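Please look at the sequence and the model shown here, and keep both in view while you read.

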Amino acid sequence: MSLLAVRDLHVYLGESHVLQGIEFDVPEGGVTALLGRNGVGKTTTLRALMGLVDRRGSVALEGKELSSTPTHRIVRRGVGYVPEDRDVFAGLTVEENLRLAERDPDPRYELVYDLFPELKERARQLAGTLSGGQQQMVAIARALLNENRVLLVDEPTKGLAPLLVTQVADVLARVSELTTVLLVEQNLGVVKRVARDAVVLDTGRVVHIGPAQELLADKAMVHRMLGVA
Amino acid sequence: MSTLLLLTITGVGLGALYFLIASGLSLIYGLMGVLNFAHGAFLTVGSFAMWFTESKLGGLSVLARFLIGSLAGLVVGGVFAALVELVLIRPLYRRQIEQVLVTVGLGLATVALVTAIWGNDARPVAYPGWLSRTTTVGGAHVPNVTFLMILVSLVVLGALTLFLKRTRYGLIIRAGVENRAMVTALGIDVRKAFTLVFAIGGVAAALAGILGNVFFTTADPNRGTSLLIFAFIVVVIGGLGSLRGTAVASIVVGLVQQYANYYASSGLGDLSVVLLLGLVLLARPRGLSWSFA
């Protein structure tokens, strides 16, 4: 049985039918990459799984239906979320951003500060004054404070300098040893390094499911499906 | 000089009253995006709950009646506001037009109900004698109730600031003002914070109703509606969702009103406040915009 099963998932945003009955499974452990060109519905898929947009269809975590569950309960069932634009609370300090995310009685600060020692040094700094990379650390750290069954991570390397991309990839690799990750990522280098499976979307439909390494090794398929040379 | 001092202190006192109403409005809009036109009803309910309780405690001393009545006003104001959120506002989140219609309707219905039960006349309120006396400051004879209004508002501002800065719910509210969806995506049921913010706003408005009873010496069913207009002006000038902006704007509005009424012409105070609103919106369309942090 897959950890997360998505069946016939539809999302309408205004007049636009963004997700048109997508279906895929996220197996337990490792990283499943959700790929596709810009605007095909990857971010909307994660938002739909989180209940942040109105959706129709079935989303099941370990066989238990989530499609009519409100967002905060989905999170409490063990679905962590790192949004595309980080969405750190700019007017709160780093420490307050983390404190807000505490859910478990014993939040994993040791793990978080081990992965991002800089956050400990900047605990009293307003998150809005951090660099993009540091804000990404806060966003990932918030999700890692609690034990999750699955972590939904949306474009964590977007807009980051190459050195930081490597650092984020390192973190993802380590996180994937602790929990299952569903990763939306445009940087195929990062996908190649961390992902075990891949799901490819095109205009709101799933067009490919298979091992990530197999997909990335086939340049013609990558070009056709992802528009990358 | 003593006239200017008197106008300044009473202007700050009036601003303190506005702050009590506007702080709740600002918190509610900042967190929930709800323009609560029923906020004046919270003031009216608190004010009349105080008067009604007092009127049923004939055998007690004035101080005891005043304190018990005030407590009743605060409790009723807070509970009424929480019920409004739970019953009327919660089913209408994300439906802003319906929210406006419901809150406007509730504001009108509350005044109509109070008038239907107790009539349209203002009801005299009992309060300790020292509140109706004056204290001389720099030659100005300042009503003691003005000092009470300023003191209470400072306490409320301090308490709200501590609540927002030091408690988990305060943290949730500050974060929710920035990005409500992300707060829920951290596993937090933000609806509890909504109810709490409404209850806090209700208590603060009821406090304004109680102090208004003392300041004007009566409980008046229409006071909530008339003060709500100035509270909205304060919130817009201060920046929607900003507590510190609201505090500063309250004082500015109170002072402008007092100075204009005295130095220009009686009755120009209200007009000058509207002009001030226009000027602020032209210069800073988002208001003074201090943030919670």
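Strand S1 (residues 4-13) and strand S2 of chain A pair in the antiparallel sense over eight bridges, where strands are DSSP runs of E with at least two residues and helices are runs of H or I with at least four, numbered from the N terminus, and where two strands pair if DSSP finds at least two bridges between them. Within this pair, Ala5(A) has Asp25(A) in S2(A) as its bridge partner. Helix H1 (residues 42-49) of chain A packs on the sheet and touches S1, S2 and strand S4 (56-61), with a direction that makes about 70° with that of S2(A); contact requires C-beta atoms, placed from the backbone, within 7 Å, and such angles run from 0 to 180 degrees between N-to-C directions, the axes being lines fitted to C-alpha atoms, for helices over the stretch in contact.

The sheet is open and antiparallel, with four strands in the order S2-S1-S4-S5 (chain A). Its edge strands, S2 (16-26) and S5 (64-65) of chain A, each pair on one side only.

This is a predicted model, in which local features need pLDDT of at least 70 and side-chain atom pairs count only at pLDDT 80 or more, while totals for chains, interfaces and linings use all residues. Residues are numbered from 1 along each chain as its sequence is written, and chains are lettered from A and ligands numbered from 1 in the order in which they are written.

Another antiparallel pair is made by S9 (residues 195-202) and S10 (residues 205-211) of chain A, joined by six bridges, and here Ala198(A) stands opposite Gly210(A). These two strands form a hairpin with two residues between them, and Thr203(A) in the turn has a positive phi of about 40°.

| Strand pair (chain A) | Bridges |
|---|---|
| S1 and S2 | eight bridges |
| S9 and S10 | six bridges |

The domain assignment, which is automatic or from a database, divides chain A into domain 1 (1-78 + 151-229) and domain 2 (88-147).

In total, chain A has ten helices and ten strands.

Conventions:
Contact = placed C-beta atoms within 7 Å.
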